[in-house]
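Work through these exercises with the model open beside you. Try each task before you read its solution.

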Amino acid sequence: MAKPIIFSGIQPSGRLMLGNYLGALKNWVNLQKDYDCLYCLVDLHAITLPQDPKELRERSYEGLAVYLAAGIDPAKNILFLQSHAPQHAELGWMLTCHTYMGELSRMTQYKDKSAKQKNIGVGLFTYPSLMAADILLYQTNLVPVGQDQKQHLELARDLAQRMNNLYGPLFKVPEVYIPPVGAKIMSLQAPTAKMSKSDPDPNATVFLSDGDKEIEKKLKRAVTDSGSEIVFAPDDEEKAGVTNLISIQAAITGRKPDEIVASYAGKQYGHLKVDTAEIVVQCIKPVREKYQALLDDKGELDRILARGAEAARERAETTLAKVKDALGFVARH
Ligand code: AQP
């Protein structure tokens with residue numbers, strides 16, 4: 001029996017960081033055993049915000065090296081760059097034409113990201129329709145993402161249903177998979193905002209390429225609060241910093257947050273920070289070490305991308321041809 005299909009992606013808009021690892025990559029590695037997986041580097045999404053072309057190219061290779069270093073097997077999964085399969089942009093346009101302004105205006109990620117821009121590109125606004133195309137092209141069953149992507153996934157489901165109602169069965173309606181822990185790792189400097197790879201404050205984010213000393217320094221400087229109580233309280237903003245450190249530990253070790261809290265009875269924030277740093281160092285070190293060696297062999301990375309693109313394009317074309325026919329486009333003879 002065919003395995004259910006997974007699609008997920010990360011933007012090469014910066015160096016990949018702890019939130020991408022715990023919210024996405026770590027789960028992708030576990031899911032590859034039981035699913036038919038397509039893992040993409042979504043470079044078309046990255047240009048919804050200004051990018052330096054040289055950096056974007058380098059970040060794309062780095063992203064692939066991180067996927068591999070994290071344990072994603074290129075022989076078992078399709079690993080590719082979004083821009084290598086033009087069907088994404090084509091279906092993206094068709095879905096954009098079926099998306100309502102009101103739906104996109106409600107997107108919290110758009111509100112957050114656009115608030116930080118002087119000139120807002122239209123692509124930042126329509127990005128969720130392109131993301132829907134990424135997923136729907138492959139008749140995806142399941143999309144593993146962090147909590148921040150839930151709203152975009154709901155739009156992808158709505159668009160699949162809308163298109164199916166208008167034109168007949170074209171798309172599978174995908175399910176979202178959000179990990180029970182690690183789904184939202186927060187900034188170390190402003191713990192009510194999510195950790196982000198393009199945060200201008202370098203102390204806010206632990207990158208997967210950070211060395212041990214750098215990680216220790218960032219965690220030691222992590223913002224907590226003026227109290228002294230070590231608790232896990234996701235709904236209490238005052239405790240966001242401490243809760244984040246417990247979440248990070250829980251996501252890496254698999255221990256329950258309450259159990260971690262209990263182990264700190266009578267201890268101080270300093271202990272929590274030192275232990276969290278050690279756990280993060282041990283988690284990231286093997287990924288970083290493998291990643292560096294992989295990045296040095298660009299020829300091999302290019303070969304993996306070429307194989308991935310070929311496999312992705314073939315599958316994507318099957319869906320796209322069906323959609324074009326359903327929409328009334330004349331077939332090219
Ligand atoms: N802080 C986070 N905690 C848990 N999961 C996270 N993800 C991102 N941030 C966190 C998950 O990582 C996957 C890829 O996300 P993305 O890079 O495509 O987009 P993003 O969410 O916009 O990430 P950034 O780091 O905030 O990007 P920039 O800084 O470039 O805007 C997704 O599954 C996401 O849920």
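Which domains does the domain assignment of the protein give? The assignment gives domain 1 (5–183 + 298–327) and domain 2 (212–292); such bounds come from an automatic or database domain assignment. This is a predicted model, in which local features need pLDDT of at least 70, side-chain atom pairs count only at pLDDT 80 or more, and totals for chains, interfaces and linings use all residues. Residues are numbered from 1 along each chain as its sequence is written, and side-chain values use heavy atoms, with hydrogens and water left out.

**Exercise 1. Relate the two domains.**

Step 1. Take the centres over C-alpha atoms: domain 1 and domain 2 are separated by 30 Å.
Step 2. Look for contacts, meaning heavy atoms within 4.5 Å. Eleven residues of domain 1 are in contact with ten residues of domain 2.

**Exercise 2. Describe the second largest pocket.**

Step 1. On a 1 Å grid over the protein atoms alone, a cavity is a set of points where a 1.4 Å probe fits but cannot get out; a pocket is an open set with protein on both sides within 12 Å along at least five of seven lines; lining residues have an atom within 4 Å of a point. Grid points are joined across faces, edges and corners, and a volume is the space filled by probe spheres set on the points.
Step 2. The second largest pocket has a volume of about 450 Å³. Its lining has 19 residues, and Lys184, Met186, Pro234, Thr243 and Ser247 are the closest to its centre.
Step 3. Domain 1 and domain 2 each supply at least three residues of this lining.
Step 4. Follow Lys184. This residue sits in the loop between strand 5 (175–177) and helix 9 (212–220). Lys184 is partly exposed, with a relative accessible area of 44%. Residues up to four places away aside, Lys184 touches Gln147 and Lys194.

**Exercise 3. Count the cavities and find their linings.**

Step 1. There are two cavities of 30 Å³ or more.
Step 2. The largest cavity holds about 60 Å³ of space. Helix 6 (108–115) and helix 7 (122–136) each supply at least two residues of its lining. Among the lining residues are Gln11, Tyr110, Leu124 and His152.
Step 3. The second largest cavity has a volume of about 50 Å³. Helix 3 (residues 53–70) gives the largest share of its lining, four residues. Its lining includes Arg15, Arg59, Glu62 and Tyr291.

How values were computed
Buried < 20%, exposed > 50% of the residue type's maximum accessible area, 1.4 Å probe, protein only.
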